[in-house]
Amino acid sequence: MNKYKKLAMNTGVFAIGSFGSKILVILLTRLYSRHLDPTNSAIKELLEPTALFLQPIFTFALQEYLIRFGLDKNYDKREVFTTSGAITLAGMVLMALFVPILSLIPAMSYLRGYVILLTVYVTTSSLRMLCQQFVRSRDMVKLFSLDGILATLTLFLFNLLFIAGFHWGVTGFMLAVILSDLLSAIFLFAVADLGKFARPECFNAALGKEMMHYAAPLIPTIVMWTVTSFSDRLFIENMKSDRVELGKTSVTLYGYANRIPNLISMVSTIFFQAWNMSAITENESADRSEFYEKVYNAYEAILFIAAAGLLLIIKPLSGFLVVSDNFKVYADVYLYTPILVSAVLFMSLNQFLGSIYSATKHTKNSFWTALIACSVNIVLNFMLIPEWGIQGASIATFLSYYVCFWARIIDARYYVPFRFNAGRSLLNTAILFVMAWDIISAPKLWVLWLIALCAMVIILNYKALLLTANKLLRRK
């Protein structure tokens with residue numbers, strides 16, 4: 001099959017399986033904002049990234065090495081799955097010993113009362129990831145997508161029951177995720193018949209060592225990406241300022257503001273699930289550079305158009321997703337969202353460029369470029385949050401991803417050379433920032449300005465989409 005068609009087909013399958021489910025997850029924001037007060041919402045907003053922080057450390061970047069070695073035809077899939085499972089289980093035991101110690105840190109006092117739940121939360125999530133990524137490595141994308149739909153439906157129903165029905169608050173949220181992930185792992189294990197791949201005699205210590213060597217630079221990389229998003233919340237909760245309001249309520253507002261840009265992340269994730277497979281399988285192809293160029297240009301165009309379209313409707317969409325009937329403070333969430341839209345866009349582009357490092361096994365470059373982003377983010381958080389509060393955190397997040405983007409777009413093309421239109425990227429970014437300023441400051445005729453600027457982004461980017469569409473339609 002034509003590589004462009006295969007990428008498009010896989011993207012379509014992932015979209016069918018993911019789009020509806022991810023929309024449901026975003027709609028859960030309405031449920032949380034209606035039933036969780038700012039204090040409990042803040043705890044939830046801190047526990048989620050904590051889980052994301054712990055998982056790559058104690059699964060040893062499972063999501064990265066399993067798909068890389070699982071897709072590689074040079075490795076026995078039984079050895080890959082069995083060895084990955086053993087590494088994951090060992091990591092979960094270590095995590096169970098570590099989390100209680102973590103809760104003793106004053107800045108992480110929010111963990112107290114949730115240590116056991118958080119440990120189970122990360123464990124079930126990791127087991128689901130183990131089954132998910134192995135199913136995907138076997139090219140069972142339809143089953144992968146079906147699981148996404150079913151898992152989100154169970155998550156939605158459990159949230160309705162535990163939060164809206166039983167009013168269990170944060171505990172209800174965590175139990176909903178735990179049960180949803182556990183049912184998903186059982187479903188995938190049974191339907192994909194993963195039992196035949198899990199054999200004690202198939203454990204391969206040499207393969208495990210090779211996996212760990214591959215993943216070693218990726219563990220701090222993933223952790224640093226998590227710190228980049230997680231540190232904002234810790235700074236907002238714990239820093240003091242005479243100029244702006246900080247604390248748990250501000251953490252909640254910042255957390256909900258991050259929910260709406262996740263619509264961009266949703267588009268990115270659906271594509272990246274298919275792209276990561278293509279990047280690995282096409283790594284040795286003769287026209288690899290042309291393939292990357294066409295796909296990158298189309299991907300960048302889609303993201304900029306989607307971001308501009310999202311900014312166009314950001315105020316009514318924010319009012320719909322974040323309910324302020326019970327807690328009036330939630331009505332201001334839309335003011336903190338526009339800059340985060342651009343931040344998520346460049347996070348998505350960084351993810352694409354990171355796939356070059358994964359496919360070519362230059363994972364150390366992924367580490368040092370992520371280190372740049374993390375360092376910039378922490379320094380700017382110290383500088384900007386006491387002065388500008390939530391908006392300062394948004395700007396720090398954007399600039400950290402943006403600096404990383406330029407580091408990667410320069411460096412990654414040494415390994416897979418492809419042409420990049422820097423002028424178009426800069427102009428697109430400038431237009432998005434003018435749109436953000438327009439929303440935050442609301443000058444006269446600001447809606448008309450938004451429409452005009454959105455139209456400019458579409459005009460700038462539609463040609464890249466047409467060129468890739470021609471590639472998809474061309475028959476050889």
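A salt bridge, for this tour, is a side-chain nitrogen of Lys or Arg within 4 Å of a carboxyl oxygen of Asp or Glu. This is a predicted model, so local features need pLDDT of at least 70, side-chain atom pairs count only at pLDDT 80 or more, and totals for chains, interfaces and linings use all residues. Residues are numbered from 1 along each chain as its sequence is written, and side-chain values use heavy atoms, with hydrogens and water left out.

**The whole chain**

Start with a cartoon view. You'll see 18 helices and zero strands; helices (H or I, at least four residues) and strands (E, at least two) are DSSP runs, numbered from the N terminus. Of the 476 residues, 58% count as buried, meaning under 20% relative accessible area, while exposed is over 50% and partly exposed is in between (1.4 Å probe, protein chains only). Take contacts (heavy atoms within 4.5 Å) between residues at least 6 apart in sequence: 83% of them join residues at least 24 apart.

**Stop 1: Glu-293 and Arg-419**

Select Glu-293 and Arg-419. They form a salt bridge, with the closest N and O atoms 3.0 Å apart. Glu-293 sits in helix H12 (residues 288–312) and Arg-419 in the loop between helix H16 (390–411) and helix H17 (422–441), so the pair ties together parts 126 residues apart in sequence. Glu-293 is buried at 12% relative accessibility, whereas Arg-419 is exposed at 62%.

**Stop 2: Arg-424 and Glu-300**

Next, pick Arg-424 and Glu-300, whose side chains meet in a salt bridge (3.7 Å, N to O). Arg-424 belongs to helix H17 and Glu-300 to helix H12, so this pair links parts 124 residues apart in sequence. Both Arg-424 and Glu-300 are buried. For a network, select Lys-44, Glu-45, Glu-48, Arg-233 and Arg-259, which are joined by salt bridges that share partners.

**Stop 3: along helix H9**

A search of the whole structure finds 13 salt bridges. One of them pairs Glu-237 with Lys-248 (2.9 Å, N to O). Glu-237 is in helix H9 and Lys-248 in helix H10 (residues 248–259), so the bridge ties together parts 11 residues apart in sequence. Glu-237 is buried, at 13% relative accessible area; Lys-248, at 34%, is partly exposed.

Now go to Asp-232, in helix H9 (residues 218–238). Leaving out residues up to four places away in sequence, Asp-232 touches Tyr-254, Asn-377, Asn-381, Ile-385, Ala-393 and Thr-397.

**Last stop: the surface**

Switch to a surface view and select Trp-449 in helix H18. Trp-449 is exposed, with a relative accessible area of 52%.
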